[in-house]
Amino acid sequence: MEIYILGIIIAICGNFLISISLNIQKYTHIRQSQRGTRPYYTSRLWWCGILLMGLGEMGNFAAYGFAPASLIAPLGCVSVIASAIISVVFLKETLRASDVLGGALALTGTYLLVTFAPHSAPHVTANMVERCLISWQFLIYFFVEVVLFCLLLYLYKCRNVKHIVIVMLLVALLASVTVISVKAVSGMLTETVRGSHLQLTYPVFYIMFIVMVASCAFQIKFLNEAMKMFDATEIVPINYVFFTASAVVAGILFYEEFYGLSIIYIIMFVLGCLLAFTGVFLIARSRPKIKMDRVFISMGQIPGKTSTDKVQPETKDSKYGTLASKFVCNSGVQDDS
């Protein structure tokens with residue numbers, strides 16, 4: 001079996017476990033709030049959801065060691081689709097025509113992504129990462145990213161421009177660094193486990209590990225702030241699109257994943273991305289408004305979670321929005337009325 005197929009299978013299984021986990025936790029929140037009994041974190045079912053989440057995120061992390069980042073990152077839509085299906089079947093949420101159409105488009109896009117994405121990439125070693133870090137294309141890209149990040153941060157913090165695009169671009173720029181560092185760490189660990197060459201003796205491994213943790217932490221920070229200002233049904237699709245785009249760009253410029261790929265493959269890959277993006281937006285469209293105080297990042301994505309004390313269903317609608325569970329768990333829900 002080709003090594004990239006193993007990465008795809010691990011990523012799909014990881015995202016599927018995450019969707020099950022988040023719906024289990026959502027069910028626990030609903031049940032505990034309706035009963036008005038003990039806090040949700042005393043429930044064994046909730047901890048089962050946390051365990052599944054951990055397994056899913058470990059799968060996503062491992063997948064980057066077997067397949068290109070530009071292939072693994074877009075597979076995050078698997079969790080969106082699975083979460084929508086689970087919510088309709090088990091949590092009795094309303095199935096809308098836009099959900100069916102969005103799911104069909106997302107599945108079609110995923111098929112195109114898997115078929116036409118780069119299927120091979122050089123083995124990630126410490127020496128390779130060191131060479132990529134001083135390559136001219138990455139240095140230019142990193143310089144532009146730092147300048148853009150500082151400009152957006154100035155607008156957000158100093159000029160008080162609280163637009164959703166500003167905040168999500170900050171998250172996406174950090175996500176680009178996260179993808180590069182996660183693939184580097186996962187790839188070097190994979191090489192070490194294979195026994196090809198011990199990678200843990202190189203300082204660059206620990207540098208990339210620190211970068212990975214720091215970039216994840218700041219992503220969580222800005223996503224937390226975004227969730228306090230905007231609805232989860234707005235945040236999730238934009239975050240998915242921006243994250244996927246940043247991961248693909250990082251894979252192209254840092255790991256040269258599209259090197260030697262034919263034009264028709266590139267066009268079909270872009271078409272697959274557009275279909276997946278459209279499907280996610282359709283699933284998210286007109287969902288019941290859910291205000292969240294805490295967020296969960298999935299990298300296709302990277303783990304990070306916090307929690308609040310209680311979740312209350314919205315009084316105008318007894319059902320939660322499905323798509324919010326893609327990136328949000330252990331969250332406080334505020335009534336908009």
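**Reading contacts, burial and cores**

Visitor: Which residues does Glu 225 touch, not counting residues up to four places away in sequence?

Guide: A contact requires heavy atoms within 4.5 Å. With residues up to four places away in sequence set aside, Glu 225 touches Tyr 156 and Lys 157. This is a predicted model, in which local features need pLDDT of at least 70 and side-chain atom pairs count only at pLDDT 80 or more, while totals for chains, interfaces and linings use all residues. Residues are numbered from 1 along each chain as its sequence is written, and side-chain values use heavy atoms, with hydrogens and water left out.

Visitor: What joins the side chains of Glu 225 and Tyr 156?

Guide: A polar contact is a pair of N or O atoms within 3.5 Å; within protein, one must be able to donate a hydrogen and the other to accept it, and sequence-adjacent residues count only if both atoms are side-chain atoms. Here the side chains of Glu 225 and Tyr 156 are joined by such a contact of 2.4 Å.

Visitor: Is Glu 225 buried or exposed, and in which helix is its place?

Guide: Buried means under 20% relative accessible area, exposed over 50%, and partly exposed in between (1.4 Å probe, protein chains only). Glu 225 counts as buried because its relative accessibility is 19%; its place is in helix H9, residues 203-229. Trp 136, found in helix H7 (residues 136-158), counts as exposed because its relative accessibility is 63%. Across the 337 residues of the chain, 54% are buried.

Visitor: How many helices and strands does the chain have?

Guide: Helices (H or I, at least four residues) and strands (E, at least two) are DSSP runs, numbered from the N terminus. The chain has eleven helices and two strands; from the N terminus on, the order is α-α-α-α-α-α-α-α-α-α-α-β-β. Among its contacts with a separation of 6 or more, 82% link residues 24 or more positions apart.

Visitor: How many residues are in the largest nonpolar core?

Guide: A nonpolar core is a set of buried Ala, Val, Leu, Ile, Met, Phe, Trp, Tyr and Cys residues joined through side-chain atoms within 4.5 Å. The largest one has 47 residues, and Tyr 64, Val 129, Met 188 and Met 208 have the most contacts inside it. The elements giving this core two or more residues include helix H1 (3-35), helix H8 (164-194) and H9. H8 gives the most, with seven residues. Apart from this core lies another of 18 residues, among them Leu 152, Ile 166, Leu 170 and Leu 223.

Visitor: With which residues is Met 208 in contact, leaving aside its neighbours within four places in sequence?

Guide: Beyond those neighbours, Met 208 is in contact with Val 129, Leu 133, Ile 180, Ser 181, Ala 184, Val 185 and Met 188.
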